[in-house]
Structure formats: structure tokens, C-alpha cells
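Work through the exercises below with the sequence and the 3D view open. Try each task before you read its solution.

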Amino acid sequence: MAGLLPPGTAGAGSALMEEQETDGYHCARIVLQNLDDLPALRQLCQEYDVAMVLEGTATAATIIGRSCLIVSAGSRLSGTEALGEHACLALPGTTVAHMQTLGYEQFSHVSPELTLAQWLAMPQWHDCRPGCTANSGLERVHALFADGQTAVLGGFGVNDESPLRLPALQRLIPSLFEQLSDPDIARCADMPRWPLAYRLDALKPRLGDINLAQLFLGHGGTLIWCQELVIRRMRHNAIVTDAVLSDADRDFAAGVHHHIEGNIKALFDPGGLFVYPDELLSGEAGW
């Protein structure tokens with residue numbers, strides 16, 4: 001692995017393979033079989049200025065000016081554990097097909113071969129209407145942040161201040177809520193379709209309660225690395241994906257999205273460990 005990551009990078013059961021070299025930049029792929037390997041991979045990618053890429057969201061051809069490590073979930077990162085009758089804890093490599101088999105109706109329109117980590121990252125599978133992120137059924141995400149901290153993100157009720165006691169979130173949460181006061185975001189929230197890559201509307205819901213996990217619906221793998229998810233079973237598929245913006249709304253969003261999305265990206269990943277929105281495959285960034 002000369003030129004990308006040093007020998008012995010992969011942990012037990014995780015296979016690391018060189019794929020290609022173009023213009024001096026390398027691309028390798030790892031099939032991750034153990035979540036315990038993630039901290040070491042993150043640290044190495046940071047040290048060697050290698051983009052850490054969720055398989056299916058970007059390729060070596062879309063990464064700008066650096067090498068990349070494309071990470072896919074192996075078979076050992078698949079499976080669910082029931083949390084009562086109406087929810088489950090799921091590993092990131094669990095397929096959508098498995099969730100469909102279990103009767104989670106919110107996945108009925110999603111490509112069955114995708115993993116849950118890919119489903120979370122790709123915007124086209126989520127309700128596009130502002131304030132309707134609860135239709136995903138996503139309750140919690142166990143996230144690895146770019147700086148190596150981890151936290152479980154989920155509901156954030158007015159009487160629940162526990163997320164603020166987590167070091168990884170003490171700075172992020174107040175900054176995210178401050179973003180809601182931006183008049184540009186307020187206008188986005190009034191559109192028939194949320195036009196930005198990051199779902200700040202999850203913090204001002206029309207359906208359900210405030211949920212920090214739902215901020216990452218459609219994030220493209222640019223903000224966090226998903227380690228586990230808690231998903232509530234939705235009895236019917238109420239997700240709307242085809243709402244259309246007017247020309248005026250589309251022009252407005254085109255003028256503000258780089259600024260707003262750049263601010264949020266900088267909060268979570270100031271060093272650019274993960275991919276940037278403009279490095280994602282066509283159709284993965286924004287709405």
C-alpha cells in the first residue's frame with residue numbers, strides 16, 4: 001500500500017486492496033468487517049490526507065486533489081436486534097432488502113441492495129418536504145465524528161439536555177440551532193421541497209419531535225460515519241420524494257446553498273476527512 005496507507009492498516013477480517021493510481025493520487029478499497037477498526041482507519045486517513053469515502057457516494061474520479069479510501073461494509077456488519085415490536089437496532093451494513101422483509105414500510109420504495117449506511121447518506125430516498133424527516137423512522141444514529149469522538153444522536157426534547165453533556169456535541173448543537181435563525185434557512189423551510197444537502201429542518205419539524213439523527217438524512221457521508229442505527233417501524237410509506245421547486249425557489253437555493261452547507265460542513269469536519277458535497281456522485285448532493 002505504498003503511496004496511500006502503510007502496510008498492516010486493515011484489522012482482523014477487514015481486507016484492504018489497492019485499486020488504482022491516477023495523476024499521483026491513489027485509491028484503495030476496504031471491506032470493513034469490524035467496527036473496532038474504524039478509529040484506526042480514521043486516524044490514518046487524517047494523517048495521510050486521504051478522503052474516507054462511503055462506498056456508493058463518491059469515486060476516485062470525483063475526489064478532488066487527494067487520495068481516497070473507499071469503505072464498504074462486510075457481511076459481519078449486517079444484522080438487526082429487535083427493540084420491542086416497533087423498532088430495531090441495526091448495523092450499517094444491513095441491507096434495505098432485510099428491512100423490507102421485516103415489514104418496515106418506509107423502505108418499500110428504496111433499492112433493496114443498498115445498505116442502511118448508504119440509505120442514510122443518499123437524499124433521494126428520504127421525504128423531501130421540509131419538517132417531514134420523521135417519516136424515515138430514524139430514531140438514533142451512533143456516529144463517529146471526523147475528530148475521532150463518538151456519540152449517539154437522536155431525540156432532543158425540551159426536558160432532555162443529555163446530548164449537551166457529550167463533549168462531541170457541546171459545541172455543535174448550539175451552533176446548529178443558531179443556524180435556524182438565518183433568514184435564508186427560514187425561506188428554505190417554506191419551500192415545498194427542502195433544497196439543501198443537510199436537513200436542518202429536522203430541528204424544526206412539522207411531524208414528530210426534534211431529532212438530531214435526522215439531520216444526517218441525505219448527508220452523503222460528508223459529516224459523520226454511521227456505526228449503528230435505531231429505526232422505528234413505519235406501518236405505511238408516507239414519504240414524498242417528488243415535490244418540485246419553482247424557478248424562483250431553485251434560483252434562491254442555488255445562491256445560498258454553498259454558504260449554508262459550507263458552514264455546517266465546517267462544524268463537523270473542518271479538516272475535510274470525509275468527502276465534500278461537490279465531490280459526491282451526481283444526484284447525491286442536495287435536492
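**Exercise 1. The second largest pocket**

How many residues line the second largest pocket, and which of them lie nearest its centre?

*Solution.* Note before starting that the model is predicted.

Step 1. Count the lining: 20 residues surround the second largest pocket. Nearest the centre of this pocket lie Ala146, Asp147, Phe268, Asp269 and Pro270.

Step 2. Give the volume. The space in the second largest pocket is about 270 Å³.

Step 3. Find the elements involved. Helices α1 (38–47), α4 (167–170) and α7 (247–268) each give two or more residues to the lining.

Step 4. Sort the lining residues by kind: 11 are nonpolar, 4 are polar and 5 are charged.

Step 5. Assign the lining to domains. Domain 1 (15–74) and domain 2 (78–268) each supply at least three residues to the lining of this pocket.

**Exercise 2. The order of the sheet**

State the order of the strands in the open sheet, and explain why one side of β5 and of β8 is left without a neighbour.

*Solution.* Step 1. Read the order across the open sheet: its 5 strands run β5-β6-β9-β7-β8, with antiparallel pairing.

Step 1. Look at the edges. β5 (80–82) and β8 (150–153) each have a single partner strand, so one side of each has no neighbour in the sheet.

**Exercise 3. The partners of β7**

Over how many bridges does β7 pair with β9, and over how many with β8?

*Solution.* Step 1. Take β9 to begin with. Strand β7 (residues 138–144) pairs with strand β9 (residues 225–232) over 6 bridges, in the antiparallel sense.

Step 1. Check the direction with two bridges.

Step 2. Turn to β8. The pairing of β7 with β8 is also antiparallel and covers 4 bridges; alanine 143 is bridged to alanine 151 in β8.

Step 3. Inspect the turn. β7 and β8 make a hairpin with 5 residues between them, and glycine 148 in the turn has a positive phi of about 95 degrees.

**Exercise 4. An aromatic pair**

Is the aromatic pair of phenylalanine 145 and phenylalanine 268 stacked or edge-to-face?

*Solution.* Step 1. Count the aromatic pairs in the structure: there are 4.

Step 1. Compare the planes. Planes under 30 degrees apart count as stacked. For phenylalanine 145 and phenylalanine 268 the angle is 10 degrees, with 6.2 Å centre to centre, and the pair is stacked.

Step 2. Locate the two residues. Phenylalanine 145 is in the loop between β7 and β8, and phenylalanine 268 is in helix α7, 123 residues apart, and the pair links distant parts of the chain.

Note on methods. Residues are numbered from 1 along each chain as its sequence is written. This is a predicted model: local features need pLDDT of at least 70, side-chain atom pairs count only at pLDDT 80 or more; totals for chains, interfaces and linings use all residues. Side-chain values use heavy atoms; hydrogens and water are left out. Two strands pair if DSSP finds at least two bridges between them. On a 1 Å grid over the protein atoms alone, a cavity is a set of points where a 1.4 Å probe fits but cannot get out, and a pocket is an open set with protein on both sides within 12 Å along at least five of seven lines; lining residues have an atom within 4 Å of a point. Grid points are joined across faces, edges and corners, and a volume is the space filled by probe spheres set on the points. Ala, Val, Leu, Ile, Met, Phe, Trp, Tyr, Cys and Pro count as nonpolar, Asp, Glu, Lys and Arg as charged, and the others, Gly among them, as polar. Domain bounds come from an automatic or database domain assignment. Rings of Phe, Tyr and Trp (its six-membered ring) pair if their centres lie within 6.5 Å; planes under 30 degrees apart count as stacked, over 60 as edge-to-face and the rest as tilted.
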